[in-house]
Amino acid sequence: MESTEGLAGLDPEIVARVADSHDEIRRGRSTTPLVAAGLAAASIPVAFAVLATDAFAQGALPTAVVNVLNFALTLEYLESTFYNMGLAASSLIATADLPVFQQIALHENDHVALLQAALGSSAVTSPTFDFSGGSGSGTGPFGNPFADYATFKALSQAFEDTGVRAYKGQVTALQAAAVPSVLTTALQIHSVEARHASMVRRLRGAFADTAPNKGWITLAETDIAGTSATYAGEDNTTQASINLTSLGYTSIVCSEAFDETLTMSAVLAIAGQFIDP
Amino acid sequence: MSGPSGLDGMERLLPPTARRTFLKQLGLGGAALMLPTMLVEACGSSSTTGPAGGLYTLDFSSDTGILNYAYALEQLEAAFYTQVIASPYSGIATNEMNILGDVKQHETLHRDFFKAALGSSAIGTLSFNFSSVDFTSRTSVLATAAALEDTGVAAYNGAGAHIVSPDYLVLAGKIVSVEARHASAIRDLINHEAAATGFAGNDVVNSTTGLDNAQPPSVILPIAGTYITTTITVKNGF
């Protein structure tokens, strides 16, 4: 029977002994310089590689799992590059907020390393990003988010909320692939993205904790132009064929209490705005 | 079914200080903290529900058992926040009331949803004892809330891979991310001034892997048992 505790249950010393993460980088896993800088700053976890080795012959992850993990890796490249660039930009992030974005960047860099290690030679390389949202034109609607803190925070929220929906949208594919430990690990990333999303949403609202800047998503509301696709369908009030309002709750509560999924194609359409093809 | 011992033994097994430590240590991966005596493999019954009078069985061999496990945890959260909102600690800030009021609504909805979804397969209403919580104390209330939310996240994360139905797995995913949003906000209320990283602190998200906790019922139920006075018997647990 598979362990249900995921990778967090592994003895860190054992993990450290099994593989020195810096080997991963030296082997030339292609990544952007900023991602590489972010990775080099931390000890790279290779617990996922241990997992993969454990469950399969090297390089024998089921194709469906490879596809999902490469999809996730692409999103993590986007997030980690975004935060590493934001932290590198001088005078962008308010001093009081720096620990928040440093902590988020730490996790996103961790996720990149974890997924790269799990995928080994099957890992995709990082795309080139266009954070103006111009699909490579550099002249998209978000301009230069590294010169405008409000835009940086807005994109951060959109990326985190999209990430939550993206991972949630892939759990059934991982379930079908019958690799419980990978599913558990994906869930463990998923809830971290949700912790991030809640914090950035609240930070954007100066911690007044009122809609649309609560930690949770009210209906399909967004105060960020150009992000309606990220929130489409979040106003759903029917779960497992039960009309939740019939239980005596408002549509607002019903929508907030349940997050929704996004398909891989919907997520790629959103992320595609920020990728230079 | 033969003499199940349940979570009500928790009060005897752990003195108050140990219980507090226990909650804190959830974030450290509590395998060593398991209390095997709490969990009895009941035999002779495949029922997920128990007889009237405060005895319920969670049979983890099916999704029904896992959903009832979630229902039990949501009952606990709902009962806690209902009491918090009924008598808020003095000096509660406006944004704290906004957060805790919303969370109460979300958790009671989760509870009512599971009851409706499980229908006749639902376990009954659990009883709780929150005497270890000082509801007049901001510190006590927020610490308990954060522990409950973190526990909920770890519970759903740990149960996901055991769910058979794709629909129920997605459902668990829809709820767990909301629990994580709650955990983030409440942890931030506690820690924001002193440590702005508390929303996803290194005590709950592994700083090397970037992973949240995932724990099996054998770890979660003894923690929940700090407050649940109804006897719960576990069958086919993990």
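Modeller: Chain B contains seven helices and two strands, where helices (H or I, at least four residues) and strands (E, at least two) are DSSP runs numbered from the N terminus. This is a predicted model, in which local features need pLDDT of at least 70 and side-chain atom pairs count only at pLDDT 80 or more, while totals for chains, interfaces and linings use all residues. Residues are numbered from 1 along each chain as its sequence is written, chains are lettered from A and ligands numbered from 1 in the order in which they are written, and side-chain values use heavy atoms, with hydrogens and water left out.

Along the sequence, the elements of chain B follow the order α-α-β-α-α-α-α-α-β. Of its 238 residues, 58% are buried, a term that means under 20% relative accessible area, with exposed over 50% and partly exposed in between (1.4 Å probe, protein chains only). Among the contacts in chain B with a separation of 6 or more, 80% join residues 24 or more positions apart; a contact means heavy atoms within 4.5 Å.

Helix H7 of chain B, residues 217–224, has eight of its eight residues buried, so it is largely enclosed by the rest of the structure. These residues are B:Pro217, B:Ser218, B:Val219, B:Ile220, B:Leu221, B:Pro222, B:Ile223 and B:Ala224.

Next comes a pair of helices. Helix H3 (residues 63–86) and helix H6 (residues 166–191) of chain B pack at an angle of about 25 degrees, with their axes 12 Å apart. Axes are lines fitted to C-alpha atoms, for helices over the stretch in contact, and angles run from 0 to 180 degrees between N-to-C directions. H3(B) and H6(B) are therefore roughly parallel to each other (under 35 degrees counts as roughly parallel, over 145 as roughly antiparallel, 65 to 115 as roughly perpendicular and the rest as oblique). The crossing of H3(B) with H6(B) is left-handed, that is, the near helix is turned anticlockwise from the far one by less than a right angle, whereas clockwise would be right-handed.

On the H3(B) side, the contact is made by B:Asp63, B:Leu67, B:Glu74, B:Glu77 and B:Tyr81, and on the H6(B) side by B:Tyr168, B:Ile175, B:Glu179 and B:Ile186. By class, this contact has five nonpolar, no polar and four charged residues; here Ala, Val, Leu, Ile, Met, Phe, Trp, Tyr, Cys and Pro count as nonpolar, Asp, Glu, Lys and Arg as charged, and the others, Gly among them, as polar.

Helix H6 of chain B also holds B:Arg187. B:Arg187 has 6% relative accessibility and therefore counts as buried. Leaving aside residues up to four places away in sequence, B:Arg187 touches A:Arg195, B:Ala146, B:Asp150, B:Gly198, B:Phe199, B:Gly201, B:Asp203 and B:Val204. The C-alpha atoms of B:Arg187 and B:Glu149 lie 9.3 Å apart, although the two residues are 38 residues apart in sequence.

For reference, chain A has 12 helices and four strands, and 56% of its 277 residues are buried. Helices H5 (residues 63–88) and H6 (residues 98–119) of chain A pack at about 150 degrees, with axes 8 Å apart. H5(A) and H6(A) are therefore roughly antiparallel, and the contact between them has 15 nonpolar, seven polar and three charged residues.
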